[in-house]
Amino acid sequence: MKSITISFPIDVVESMKKVARLKGLSEYKILLKSYISAGLCRDEYRYSGISTVLLIEALKKIWGTRHRHPTSHTGCD
């Protein structure tokens, strides 16, 4: 395991805490890890036929678009 530090808006953290409780999870960090794992698995599958360089470029485009034009405080589409 590797520890990282990441900042989220307070309202996003509060939403994660609420959803974690509703799902019966002991803490929101477990929920966050599951969201990251699910998204990573989805993207690995989606881009499994292309090179790592193309995957990185595709993810940069996806992240850049969402970062500049969020649709909600959680970034949910």
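Predicted model: local features only at pLDDT ≥ 70, side-chain atom pairs only at ≥ 80, totals over all residues.

Before anything else, when I say two residues are in contact, I mean heavy atoms within 4.5 Å. Numbering starts from 1 along each chain as its sequence is written, and side-chain values use heavy atoms, with hydrogens and water left out.

So, the overview. We have 3 helices and 0 strands, taken from DSSP runs (H or I, at least four residues, for helices; E, at least two, for strands) numbered from the N terminus. Of the 77 residues, 14% are buried, and buried here is under 20% relative accessible area, exposed over 50%, partly exposed in between, with a 1.4 Å probe and protein chains only.

Let's start with H1. Its buried residues are Val12, Val13, Met16 and Ala20. They cover an arc of only 100° around the axis, which puts them on the same side of H1; that arc is taken over the directions from the helix axis to the C-beta atoms. And what do the buried residues of H1 pack against? They pack against H2. On the face of H1 turned away from its buried side you'll find the exposed residues Ile10, Arg21 and Leu22. Just after H1, Gly24 has a positive phi of about 80°.

On to H2, residues 28-46. Here Leu31, Leu32, Gly39 and Asp43 are buried. Down the axis of H2 the buried residues fall within an arc of 100°, so they line one face of the helix. Lys33, Cys41 and Tyr45 are exposed, on the face turned away from the buried side of H2.

How do the axes of H1 and H2 cross? They come within 8 Å and cross at roughly 95°, with axes being lines fitted to C-alpha atoms, for helices over the stretch in contact, and angles running from 0 to 180 degrees between N-to-C directions. Val13, Met16, Lys17, Val19 and Ala20 of H1 meet Tyr28, Leu31, Leu32 and Tyr35 of H2.

Last one: Asp43. At 11% relative accessibility, Asp43 counts as buried. Leaving out residues up to four places away in sequence, Asp43 touches Leu55 and Leu59. That's me done, thanks.

Technical notes:
Expected span 1.5 Å × (residues − 1).
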